[in-house]
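Good morning, and thank you for making time for this presentation.

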2 protein chains.
Amino acid sequence: MSQVPLPSTDKPRIVVIGGGFAGIKLVKRLKNLPVQVVLFDRNNYHTFQPLLYQVATAGLEPDSIADPLRKQLEPVKNFFFRMAEVYSIEPENNLIKTEIGEVKYDYLVLATGSKTNFFGNESIMQNGFPLKQIPQALDLRSHILQNFEAANIATDEKELASRMNVVIVGGGPTGVEVAGAMGELKNNILPGDYPELDFGLMTITLLEGDDRLLRGMSEASGKRALKYLEKFGVKVRLNTMVKSYDGLVADLGDGGHISTHTLIWAAGVKGNFPKGLNKESIDKGRLLVDPYNAVKGHDNVFAIGDIAMMSSDEFPQGHPMLAPVAIQQGEHLAQNFKHILSGKQKKAFKYKDQGSMATVGRNKAVADIGNMKVGGFMAWLIWMFIHLISIIGFRNKIIVFSNWVWNYFTYDKGTRLIIRKFIPKNRIKEEV
Amino acid sequence: MSQVPLPSTDKPRIVVIGGGFAGIKLVKRLKNLPVQVVLFDRNNYHTFQPLLYQVATAGLEPDSIADPLRKQLEPVKNFFFRMAEVYSIEPENNLIKTEIGEVKYDYLVLATGSKTNFFGNESIMQNGFPLKQIPQALDLRSHILQNFEAANIATDEKELASRMNVVIVGGGPTGVEVAGAMGELKNNILPGDYPELDFGLMTITLLEGDDRLLRGMSEASGKRALKYLEKFGVKVRLNTMVKSYDGLVADLGDGGHISTHTLIWAAGVKGNFPKGLNKESIDKGRLLVDPYNAVKGHDNVFAIGDIAMMSSDEFPQGHPMLAPVAIQQGEHLAQNFKHILSGKQKKAFKYKDQGSMATVGRNKAVADIGNMKVGGFMAWLIWMFIHLISIIGFRNKIIVFSNWVWNYFTYDKGTRLIIRKFIPKNRIKEEV
């Protein structure tokens with residue numbers, strides 16, 4: 001395998017894999033250090049994952065939640081971007097192998113995030129819709145709209161309902177948010193577009209295996225989210241799993257069935273990392289790291305963000321897979337690199353909890369901030385504000401804000417476009 | 001073939017094919033007439049074609065130049081939309097055949113616009129990039145950016161230049177606009193993204209077979225456009241044709257060659273219509289119509305917009321294929337339908353010339369308005385104003401305006417994203 005062309009340097013080379021929240025923050029903070037920073041990502045853009053569900057439900061354009069990595073990281077002068085899939089790691093040789101060649105590193109940082117976990121269920125993997133990448137969100141948007149076009153000319157009553165129905169699996173933030181957004185589409189938008197259809201036939205069902213929604217948040221917020229969802233016309237079924245899905249009928253764990261052409265799978269994620277690491281470092285699909293984010297059994301390999309499994313007294317099961325954890329770990333690891341390079345002692349990571357939140361729809365969100373459990377309009381305002389300031393790229397902030405103002409006052413969602421028709425064989429599957 | 005489901009009616013049914021400028025305007029104006037209006041389009045959105053080149057060159061998001069047809073035409077209550085490709089027409093049976101079944105009509109209106117004309121050149125059709133549809137613009141955007149990623153790691157000098165070079169064929173408005181936009185990318189944006197590349201190697205060449213640019217406009221405007229393009233670093237070669245293009249080298253009519261991975265074909269369009277019409281009605285790829293837009297040899301079949309070839313004393317070669325002609329013909333035909341339905345005399349179409357214009361880049365455009373030939377900043381302001389008021393959908397106006405303000409003041413183009421990697425076999429070819 002040939003070498004990936006890179007300027008030769010006598011400075012240590014830090015190779016970062018993944019331009020998500022953790023990777024971007026780390027690279028930015030390495031700006032003035034005497035190192036060469038090389039970032040690999042299979043895409044040339046950063047994805048603002050918290051708003052993917054709005055792309056899938058025609059509220060935002062994909063380009064407004066993506067930001068070009070080169071532009072974002074242009075001010076970092078010791079920085080080199082290479083767009084490529086990383087295949088494997090050879091820690092014993094300090095080497096990674098990628099689709100464009102191999103690269104030696106002095107330090108390696110895995111910031112590869114998470115991918116959808118289907119828990120080995122082949123039928124759901126084949127026919128359900130994951131929601132972790134922009135092309136997946138676009139496929140889902142096309143699929144939903146194409147189903148309404150088909151329902152509109154369907155002559156068979158059963159087919160008609162099945163094309164209108166939507167099932168969402170997983171009562172975490174993504175599941176709740178996408179269910180709420182589908183409720184808004186049903187209530188405010190689709191009946192205007194399809195006056196020939198009877199929307200009384202359409203059901204939106206959110207399935208959750210647990211006995212409550214939003215397990216990562218307070219019980220008050222879980223209950224509120226449930227109440228809001230029901231207000232938006234979503235049927236929430238707790239303690240209900242889906243066993244299999246053939247693209248037409250979802251078979252439930254309790255023996256029931258739901259006819260639907262659209263099953264959205266938001267029931268789990270797992271770490272997303274290249275081959276080649278020590279087996280002992282992998283635990284439940286994530287990489288075990290010490291309080292300095294060093295991967296177990298490796299000296300110069302680090303992991304930050306969703307992929308890193310750092311347990312502590314406060315988080316015995318590892319830190320939550322949330323953007324603030326990723327951002328803080330990126331910042332912290334950059335600090336530790338400063339300490340390493342100047343021969344000082346590394347410092348242990350300590351998460352500053354910034355709370356968590358989920359939005360359900362128009363004027364309705366839930367937020368846990370410290371001991372405060374906020375709901376309704378206030379939580380919704382906080383949610384919007386936090387997301388607007390977090391989204392990467394100033395242009396994106398303007399475009400997202402414009403869309404939100406538009407959506408709010410007109411009860412409209414403007415991007416209900418089938419720009420590339422979704423054809424099952426062309427769909428974007430979950431990539432490694 | 002089964003029937004396309006439609007409500008039965010005792011009113012005359014007007015079937016319109018194509019939701020471009022002409023089709024949309026016609027349908028809107030048929031609003032209160034005692035007819036049933038059925039619109040077919042293969043997409044569920046209208047495309048604002050004049051700004052496609054900005055999508056291809058990372059200045060605008062695709063969703064901002066597309067508007068959902070159902071939303072746009074929701075106020076028309078006697079209106080039914082069907083998303084489907086139309087295969088053929090059987091005028092003797094007053095019938096059209098589509099991918100979702102067949103439909104009888106009382107009146108048929110073809111508003112199917114134009115498609116790229118490769119003039120039978122197979123090699124250019126296989127390897128060149130047309131620019132008439134949103135997926136094509138997205139493919140081109142991806143292709144250009146992927147080439148820069150590849151150039152960045154190229155070790156062969158010849159490959160490197162070839163990946164950076166761009167050739168545009170055709171000196172009409174599209175060719176001039178895309179060449180100017182590429183010049184802006186080269187001057188202001190790409191060098192920041194790719195500091196490792198030597199942009200002295202990159203050439204942008206505009207080829208035109210004629211001895212001047214912008215044949216449809218005044219000579220003064222053609223000369224100005226040439227001057228502006230050279231200012232933006234574009235090499236303009238007049239009196240030069242391209243003979244063939246294998247994806248790597250363009251062979252020119254004068255015996256020269258240009259190495260390039262990107263050849264954009266903007267050298268011609270032709271009418272885009274289903275099979276089944278009288279042969280005598282077809283002339284140079286367009287449909288001959290009388291002054292009432294009725295297709296030659298057919299009583300109840302009309303054609304409006306780019307596809308209609310209506311010659312007059314003023315326009316012996318037919319009206320120009322421009323948005324204002326399409327819009328005015330749509331309006332006019334709606335009026336004539338009123339006359340037909342009330343038994344009155346139809347009126348002949350008369351084009352109100354609103355001038356024509358083309359933009360080259362930042363602060364530089366040309367406009368012919370009556371006898372005025374405007375250039376530079378003033379023309380550029382007029383161009384922006386006209387396009388903003390013409391673009392369909394208020395949300396789109398806001399988003400396009402926000403992007404333009406952003407691009408202007410930051411010298412940035414925000415959407416340089418490879419959202420779906422362009423793989424040659426996946427590319428969107430010109431569709432019939």
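**The contact between the chains**

Chain A gives 38 residues to the contact, and chain B gives 38 residues; two residues count as in contact if their C-beta atoms, placed from the backbone, lie within 7 Å. On the side of chain A that touches chain B, H11(A) provides the largest share, five residues. Helices (H or I, at least four residues) and strands (E, at least two) are DSSP runs, numbered from the N terminus.

This is a predicted model: local features need pLDDT of at least 70, side-chain atom pairs count only at pLDDT 80 or more, and totals for chains, interfaces and linings use all residues. Residues are numbered from 1 along each chain as its sequence is written, while chains are lettered from A and ligands numbered from 1 in the order in which they are written.

How is chain A laid on chain B? A turn of 180° with a shift of 0.0 Å along the axis does so, at an RMSD of 0.0 Å, by least squares on the C-alpha atoms of residues with pLDDT of at least 70 in both. That is the relation of a two-fold axis. The same surface serves both copies, since 100% of the contact residues of chain A recur in chain B. Of the residues of chain A, Ile399(A) comes closest to the rotation axis, its C-alpha lying at 3.2 Å.

I turn now to a sheet in chain B. Its three strands, in the order S23-S24-S25, form an open antiparallel sheet; strands pair if DSSP finds at least two bridges between them. S24(B), residues 364–369, and S25(B) are joined over four bridges. Val366(B) stands opposite Gly375(B) in S25(B).
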